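Dear colleague,

Please find the structure below, together with its sequence. My notes on what was found in it follow.

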Amino acid sequence: MRLFGREAECATLDAVLTGARGGRSASLVLRGEAGVGKTALLRYAESRAPETLWISGVEPEAGFPYAALHRLLIPLLPGRERLPASQRAALEVACGLADGPPPDLFLVSLATLTLLASENQAPEAAQLCIVDDAQWLDRESLRALAFVGRRLHAEGVVLLFGLRADGDDLGLLAGVETREIAGLSPEAAVALLTDVVDTPVDPALAEHIARTTGGNPLALTDLGRELTTEQLSGSVPLPEPTPIGSRLEAHYSARTRAYPPATRTWLLLAAANAGGSSAQLIAAGRLLGAAPADAAPAETDRLITGSPPMAFRHPLVRSAVYGGETPVRRRDAHRAIAATITDSADADRRAWHLAAAADGPDETVAAELERRAGRAAARGGHTARATFLSRAAELTPDPPTRALRHVQAAEAALAAGAFARSLTLLDLVDESALPGPARGSALLTRATAEVNAGVPTGQRLGVARALAAAEAFGDDRERAGRALVQAVEQVIGAEFVSTVPEHEIAAAAGRLAGADPAGVDELILAGYTAFTLGGYETGVPAMRRAVTAFVDPSTPDEVLLSRLTVGINFGNLIWEDDLKKAILDRAETAARRTGALYALDQVHYLGAMTESFLGRLDEADRHDAAGQRLRRALGMTADQELVWRHPELVTWRDERNVKESVGAALGVFETLNLGALHSVTRFALAIRDNAEGQYASARDTLLGLMKLGRPHRYAWALPDLVEAALRAGDRRTAKLAFADLARSAGACGTPRALGLIERSRALLAPLDEAEPHYRAAIELLSGTLGHGDLARARLLYGEWLRRQRRRRDAREQLGAALEMFEQVRAEAFAERTRKEMRALGGTVPTPVRNDDETALTPQEAAVARLARDGGTNAEIAANLFLSASTVDYHLRKVYRKLGVRSRRQLRESLHD
């Protein structure tokens, strides 16, 4: 295959294929304008690989969920029996091979990854998968394949995408390496033009054509074949404007309009039937008086090949044929095609053609589209469901029914993650005119979509919308309860920016929960009501019942995962660290088992935050690293990841200008009305101030988070306020903070809560009465998950001992504190501890830096931990959303770094 001027691009493709033959995988997007040569480069790659799977996006198929993925995997589906059961079931439902609950997109993605990796077992072979015209793939297929592209590593698989530069889908392919394909250089363009024509070309004219076409190979090829000898010699002017880019489509339209009516009809049917069968095309042609023989003029002009099956020379030809006809002729073509579709398996396609044939409102077609939307939802095609429903709404003659279908389409778009589209669909509806339950659905959908779309007013108004939705649902207690739980969850995120006072939410929640709450939702509402209206004394027992329900085996996994934020928040408020850890552990297991990756991302985010608050920074690092890897796999960009950075983790560390960088995030959170993240960030900065001895600043920041005299949401920050205020010389504030701490933590009664009461009491006690409280604090905290609290208790005790001139005892406590801080790399507090030890005199341990090249990366550590605990490569792959080949690759590196040869030796040498 001869390509002009594509040496660099071909070298890149050769390199990734060579790497794949050596076991390394790669994914690459070739992005460029129409006709620039993306397909030619993909054909070049195909010619260099013995094993190739190839599909091209077809615009009319974009509304059918997993249609493209199914076409790609057809040769591999016989091997699906080797997939883990959950992955196999999800893939079979997505591909229409079995019935079952709607599959999770990422379980389907993992099944695809596993299938591709397991099919490439031949040594020194590369499995090449090509997805051309990716802009026309159905969204489910594109998201699944993009996920695969981001997770490929050591399977010997290459995944190549061809993407139109004017497409809007690069966001779905975020995280996959992209190569922009530009027009040919002037020299290469002239060489191509000269190669195409069979007569001499005037050199100056050739350069002019190369320049005016921008080096677009399709334009150069078509011009070369169409220009006359006189035009090529320069004796006759060239046609203007030069057909290039969007003008190419108009150029093809002009050519096809000159064909006989029967030829135009046949081409129109072929364009409208893209993705359909040849039999349907021939049958539709009979209805409209066209036959395969009528394609001859277009075949002569090389606009199509084969008839039938036939293929357009380029997607622009198909677009030109379809767009160049009148709406009436297009509707006739779709009506004829619909009439030929009788197989129930093709009912979705028939409904779509009927919709395209409609020339006005048609309830019969709209109802059929609504039924097809239900089938799409059953296969996990939320994007397709939204598309079917929105088109059904357009064709619905009855205004109230039309509004209901728009709301349903908005709900489907929300489920598909298309938050902006969901809001656009809702904007077509007068929500105040909807009947109660429909109004509730619209309000709840808008509240969720605005928050997820980053609409600045979303957090501020979302609580009010969720509360109004609960009222709109009326006697439907289940839906009203879900709306109120969403109101509780949103007010937790909004905090001070919410427009609704918490006591209003609590009043509504209390009425629905009743006197004898049952089930997780009612227990959440009862706990929130009791805490908001009655404080810690009445709130702790009710919230503890709710938190305990999260770890009850009878609570379904989907309920646990959907209510996770509320459960962890309640656990924070009542100091139930063991229950929080149990919730997170169970949620992580459930999310991994079911492939619920967005839920797993939330688990890691909340896990990193929870462990940071406890000072268990090694565990926080694990969650943070896993969350970052997962977000990259999901396609989150580096800019988006900045919002997910954990200030409560990084402020413990010795990063340069950390306070400035974390402080800058406050402006972002304020702009987006992310009240909880704003508060947590301020708390993190106060912790850093305490570590650095900036006590007045810490006190002022913490006072901004709470109202003394009424311990509420940030009561768990009171120990830090006691320390900061006392060290700043503000004993009055310290005593008020301690009174609130004793009241709130005492009501909870957990060992860590009681230990922090003792630590704070020691700070306030007279010098001759402090020591028993320090010792009691250390004893109580030693049995808890509060690693940071215990280390700080030892630090404070050591500081007190130094002031008492008990140097040996002080060195013992400070040394223990330093060891604990260094164990989790809490550099800020470690440096404060070293300063105290320097004041004692003698040798102070220097910071330990781990620059050892044998240290495991987070991914390697995760693989090693699971292998040590007995996981097979396949089980580890399913757990970490990798292929078994990638697990094997990482495990070999682990063995080499640790100097072991087997899993048994790994168990003996690897410790957390």
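In these notes, helices (H or I, at least four residues) and strands (E, at least two) are DSSP runs, numbered from the N terminus. Two strands pair if DSSP finds at least two bridges between them. The model is a predicted one, in which local features need pLDDT of at least 70 and side-chain atom pairs count only at pLDDT 80 or more, while totals for chains, interfaces and linings use all residues. Residues are numbered from 1 along each chain as its sequence is written, and side-chain values use heavy atoms, with hydrogens and water left out.

The sheet

Five strands form an open sheet in the order E2-E3-E4-E1-E5, and their pairing is parallel. Its edge strands, each pairing on one side only, are E2 (51-56) and E5 (178-180). From one strand to the next the twist averages 15°; angles here run from 0 to 180 degrees between N-to-C directions, and axes are lines fitted to C-alpha atoms, for helices over the stretch in contact. Six bridges join E2 to E3 (residues 127-132) in the parallel sense, and serine 56 stands opposite aspartate 132 in E3. Helix H6 (residues 139-151) packs on this sheet and touches E1 (26-32), E3 and E4 (157-164); contact means heavy atoms within 4.5 Å. The direction of H6 makes about 135° with that of E4.

The whole chain

The protein chain has 47 helices and seven strands. Its radius of gyration (taken over C-alpha atoms) is 33 Å, close to the 29 Å that the globule rule (2.2 Å times the number of residues to the power 0.38) gives for 912 residues, so the chain is as compact as a globular protein of that length. Along the principal axes, the C-alpha atoms fill a box of roughly 110 × 65 × 50 Å.

Helix pairs

Helices H12 (residues 261-272) and H16 (residues 327-340) cross at roughly 65°, and their axes come within 9 Å. This crossing is right-handed; the term applies if the near helix is turned clockwise from the far one by less than a right angle, and left-handed applies if anticlockwise. H12 contributes Pro261, Arg264, Thr265, Leu268, Leu269 and Ala272 to the contact, and H16 contributes Arg329, Arg330, Ala333, His334 and Ile337. These residues divide into six nonpolar, two polar and three charged. Ala, Val, Leu, Ile, Met, Phe, Trp, Tyr, Cys and Pro count as nonpolar, Asp, Glu, Lys and Arg as charged, and the others, Gly among them, as polar.

H38 (residues 731-748) packs with H39 (residues 751-764) at an angle of about 160°, their axes being 10 Å apart. The two helices are therefore roughly antiparallel to each other, a term for angles over 145 degrees. Their crossing is left-handed. The contact of H38 with H39 comprises nine nonpolar, two polar and three charged residues.

For H40 (residues 771-781) and H41 (residues 787-803), the packing angle is about 160° and the axes are 9 Å apart, which makes H40 roughly antiparallel to H41. This crossing is left-handed. Among the residues that meet are Tyr774 and Ile778 in H40 and Leu790 and Trp800 in H41. By class, the contact of H40 with H41 has nine nonpolar, no polar and four charged residues.

Yours sincerely

Conventions
Angles under 35 degrees count as roughly parallel, over 145 as roughly antiparallel, 65 to 115 as roughly perpendicular and the rest as oblique.
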